[in-house]
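Please read this briefing alongside the sequence and the coordinates.

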Amino acid sequence: MAVSTPALHDALAEITGREHVMRDPAALARHAVDGVVPAAVARPGSVEQVSRLLAFCAAERLAVVPRGAGTSQGLGNPPRRLDVVLALGRLGAVREYVPEDMVATVEAGVTLDALAAHLAPHGQMLALDPPGGGPRSVGGVLATHASGPLRFRYGTGRDLLLGARFVQADGTLTWGGAKVVKSVTGYDVPKLLIGSLGTLGVLVEATLRLHPRPPASRSWRVGFPSHERAGAFVAALLDSPLQPDRAALIDSAGLLRTGLTADPLALLLSIGSVAEAVEAQGRDLERLAAGHGGRIDLLPESAWSGLGLAVDGPVLLRAACEPRRLLDWAAKAQAAAARVGAEPALLGQPGHGLLQMALRAGHDPRRIGRDLALPLREALEAEGGSLVVERGPAELKEECEAWGSINPEVLAIMKRIKSEFDPGDVLSPGRFVGGL
């Protein structure tokens with residue numbers, strides 16, 4: 001870091017105000033990124049302040065990591081260097097909302113709960129519900145490409161983001177999506193920003209596609225005694241005319257964590273539509289479940305918001321596989337965990353082939369990385385899948401790099417994009433795939 005720490009604090013304070021620069025060691029430790037503690041935390045209160053902060057950091061070659069609600073600071077690799085954390089929680093305004101168009105433009109620090117409360121009087125919603133998502137910020141959810149059970153019907157942030165206002169590494173304020181900007185011509189900028197962990201730019205505003213809340217909704221829990229029966233039910237569900245809007249696969253450990261009755265495996269489903277359609281589809285769902293040996297019960301609406309408890313803990317792995325192989329990989333993950341003496345909780349997304357595995361404290365992180373995560377990753381990659389360490393201590397990531405292997409040609413393209421957007425390598429250096 002070229003500038004001294006006191007001078008850094010003074011320079012940041014000139015932009016945000018002294019009360020919005022954190023310098024206390026305990027506060028800095030709370031804002032560590034995957035164990036790396038910054039020299040300062042700046043809390044900008046406007047888009048213009050974000051722009052000025054990044055311009056200053058770029059000029060001084062200071063490494064910057066943006067932060068939303070702080071729920072995903074363990075995702076990715078530890079940054080190679082870190083000088084300033086840009087905490088965006090003060091960017092909490094809904095800039096524009098046109099209920100008739102079902103479109104809203106919000107600042108990146110708006111939480112999902114706050115946005116839901118703003119939209120509720122108009123019977124609308126943003127269809128993003130990652131586990132534990134209520135307190136998470138819109139910008140953070142988009143930057144990490146987080147999703148939840150609503151993905152079954154509505155897709156992910158890539159499907160819901162119409163436009164993005166972001167600040168480039170040199171402080172330039174830029175639009176992507178709805179407005180054309182010469183500096184990024186040729187790129188679908190909103191799509192690039194989704195899941196990029198702040199390595200290409202700092203998202204400060206998002207224009208989002210909204211959906212109407214269904215007039216009626218009902219949820220069910222379908223328990224199964226075996227992976228085989230659960231797998232046959234999921235295959236039949238995907239081939240049926242039923243239209244659930246939420247779907248989650250959860251194992252017995254996950255059910256217990258969330259306070260639900262345990263089965264070896266269960267599918268949580270909800271159907272939202274007009275009341276008559278919900279009733280009719282509910283009867284069809286009951287028949288389909290019974291035909292595959294499932295035990296079906298009504299599920300309280302509150303259960304959906306508690307799914308974050310299923311993936312709580314110091315270690316969280318995320319597997320991606322061919323969707324119809326999801327149950328097979330759930331069984332393989334449980335068997336692999338048992339071989340190292342671990343008892344995981346599983347939470348999956350039927351129809352999309354995503355499976356999260358959470359482990360609680362008490363396990364040797366090096367052994368988890370070496371004997372659980374790496375063999376699972378190798379097996380998944382052999383079938384075109386992947387395994388990401390979403391959360392884990394440094395010792396685990398030393399044994400099992402966070403992202404896994406990537407096609408060299410794809411990595412070369414990603415490096416070229418990174419160098420164009422961030423030539424000074426100041427934005428979240430090293431956190432993303434391939435050390436980007």
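## Cavities, pocket, sheets and helix packing

The largest cavity holds about 350 Å³ of space, and of the 29 residues that line this cavity, Pro66, Gly68, Gly139, Gly140 and Ala143 are the closest to its centre. The model is a predicted one, and under the rule applied here two cavities of 30 Å³ or more are counted. The points below take up the cavities, then a pocket, then the sheets and the helices.

**The largest cavity**

- Helix 5 (138–143) makes the greatest contribution to the lining of the largest cavity, with five residues, while strand 3, helix 5 and strand 10 (202–209) each supply at least two residues of that lining.
- Sorted by class, the lining of the largest cavity comprises 13 nonpolar, 13 polar and three charged residues.

**The second largest cavity**

- The second largest cavity has a volume of about 70 Å³, and the residues that line this cavity include Leu317, Arg318 and Ala319, together with Trp329, Ala333, Leu355, Gln356, Met357, Leu376, Leu380 and Leu387.
- Strand 16 (315–320), helix 13, strand 18 (354–359) and helix 14 each provide at least two residues of the lining of the second largest cavity.
- By class, the lining of the second largest cavity divides into nine nonpolar residues, one polar residue and one charged residue.

**The second largest pocket**

- The second largest pocket has a volume of about 700 Å³, and among the 28 residues that line this pocket, those closest to its centre are Leu128, Asp129, Leu150, Arg213 and Arg246.
- The elements that give two or more residues to the lining of the second largest pocket are helix 4 (112–119) and helix 12 (302–305), with the largest share, five residues, coming from helix 4.
- In terms of residue class, the lining of the second largest pocket has 16 nonpolar, six polar and six charged residues.

- Eight strands form an open sheet with antiparallel pairing, in the order 15-12-14-13-17-18-16-19, and its edge strands are strand 15 (295–298) and strand 19 (386–391), each of which pairs on one side only.
- From one strand to the next in this sheet, the twist averages 20°.
- Strand 16 and strand 18 pair in the antiparallel sense over six bridges, and Leu317 has Met357 in strand 18 as its bridge partner; Leu317 and Met357 are also among the residues that line the second largest cavity.

- Strand 1 and strand 2 (residues 40–42) run antiparallel and are joined by two bridges, with Val41 in strand 2 as the bridge partner of Met22.

**A hairpin**

- Strand 5 (residues 94–98) and strand 6 (residues 103–107) pair in the antiparallel sense over four bridges, and Glu96 stands opposite Thr105 in strand 6.
- These two strands form a hairpin with four residues between them, and Met102 in the turn has a positive phi of about 55°.

**Helix packing**

- Two packed helices are described by the angle between their axes and the distance between the axes.
- The axes of helix 13 (residues 326–339) and helix 14 (residues 365–382) come within 10 Å and cross at roughly 155°, which makes helix 13 roughly antiparallel to helix 14.
- Helix 13 passes helix 14 in a right-handed crossing, and both of these helices supply at least two residues of the lining of the second largest cavity.
- The axes of helix 9 (residues 227–239) and helix 13 come within 9 Å and cross at roughly 155°, and helix 9 and helix 13 are therefore roughly antiparallel to each other.
- The crossing in which helix 9 passes helix 13 is right-handed.

Notes: Residues are numbered from 1 along each chain as its sequence is written. This is a predicted model: local features need pLDDT of at least 70, side-chain atom pairs count only at pLDDT 80 or more; totals for chains, interfaces and linings use all residues. Side-chain values use heavy atoms; hydrogens and water are left out. On a 1 Å grid over the protein atoms alone, a cavity is a set of points where a 1.4 Å probe fits but cannot get out, and a pocket is an open set with protein on both sides within 12 Å along at least five of seven lines; lining residues have an atom within 4 Å of a point. Grid points are joined across faces, edges and corners, and a volume is the space filled by probe spheres set on the points. Ala, Val, Leu, Ile, Met, Phe, Trp, Tyr, Cys and Pro count as nonpolar, Asp, Glu, Lys and Arg as charged, and the others, Gly among them, as polar. Two strands pair if DSSP finds at least two bridges between them. Axes are lines fitted to C-alpha atoms, for helices over the stretch in contact, and angles run from 0 to 180 degrees between N-to-C directions. Angles under 35 degrees count as roughly parallel, over 145 as roughly antiparallel, 65 to 115 as roughly perpendicular and the rest as oblique. A crossing is left-handed if the near helix is turned anticlockwise from the far one by less than a right angle, and right-handed if clockwise.
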